[in-house]
Amino acid sequence: VQLQASGGGLVQAGGSLRLSCVASGTDFSRLDMGWYRQYPGKGRELVASIYNFWSGGNTNYADSVKGRFTISRDNAKSTVYLQMNSLKPEDTAVYYCSADFVSTSEVWRSWGQGTQVTVSS
């Protein structure tokens, strides 16, 4: 699967951004999707995730973004979104989308390219 992320940029604290990630090459509705972020010199941390259509599409969020970020998916467009509101300088990071496929016979994860989010104070 190929993942193409977009939507990053520079925004002032308190502002909003929406990230998008388009998947191609497989049945999007069967993928569990996620957004991760990475600070310089650190590992990637999970920001939000959304289960595949067949598992009910439940969502999970890191405590640091609950109430401010919303993950959603449009299976018809093979796209996952991350709506980020009330942005803080500590949200500044490179954001990556991920796609997980889990079945009884195979398990894999793919990553999109990162998109930089910079929040100025």
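The following paragraphs lead the reader through a predicted model of a single chain, from its overall form to individual residues.

Because the model is predicted, local features need pLDDT of at least 70 and side-chain atom pairs count only at pLDDT 80 or more, while totals for chains, interfaces and linings use all residues. Residues are numbered from 1 along each chain as its sequence is written, and side-chain values use heavy atoms, with hydrogens and water left out.

The chain contains eleven strands and zero helices. Here helices (H or I, at least four residues) and strands (E, at least two) are DSSP runs, numbered from the N terminus. Read from that end, the order of elements is β-β-β-β-β-β-β-β-β-β-β.

The overall dimensions come next. For 121 residues, a compact globule would have a radius of gyration near 14 Å, and the chain agrees with this, having 14 Å. That radius is taken over C-alpha atoms, and the globule rule is 2.2 Å times the number of residues to the power 0.38. Along the principal axes, the C-alpha atoms fill a box of roughly 45 × 25 × 25 Å.

Of the 121 residues, 41% count as buried; buried means under 20% relative accessible area, exposed over 50%, and partly exposed in between (1.4 Å probe, protein chains only). The accessible surface of the chain comes to about 6200 Å², and carbon and sulfur atoms account for 48% of this surface. Such areas come from the Shrake-Rupley method with a 1.4 Å probe, and for residues only the protein chains shown count as cover. Contact means heavy atoms within 4.5 Å. Among contacts between residues at least 6 apart in sequence, 53% join residues at least 24 apart.

The structure holds one disulfide, that is, a pair of cysteine sulfur atoms within 2.5 Å. A disulfide is a covalent bond between the sulfur atoms of two cysteines. In this chain the partners are Cys21 and Cys97, with an S to S distance of 2.1 Å. Cys21 belongs to strand S3 (residues 17-24) and Cys97 to strand S9 (residues 93-102), so that the pair links distant parts of the chain, 76 residues apart. The torsion about the S-S bond is about 50°, and the disulfide is therefore right-handed. Cys21 counts as buried because its relative accessibility is 0%, and Cys97 is likewise buried, with a relative accessible area of 0%.

Strand S3 also holds Ser20. This serine counts as buried, at 15% relative accessibility. Leaving out residues up to four places away in sequence, Ser20 touches Gln4, Ala5, Ser6, Trp35, Thr79, Val80 and Tyr81.

Another serine, Ser110, is found in strand S10 (residues 107-111). Ser110 counts as buried, with a relative accessibility of 15%. Between Ser110 and Tyr81, 29 residues apart along the chain, the C-alpha separation is 16 Å.

Gly14 counts as exposed, at 53% relative accessibility. Apart from neighbours within four places in sequence, Gly14 is in contact with Ser86 and Leu87. Gly14 and Glu106 are 92 residues apart along the chain, and their C-alpha atoms are separated by 42 Å.
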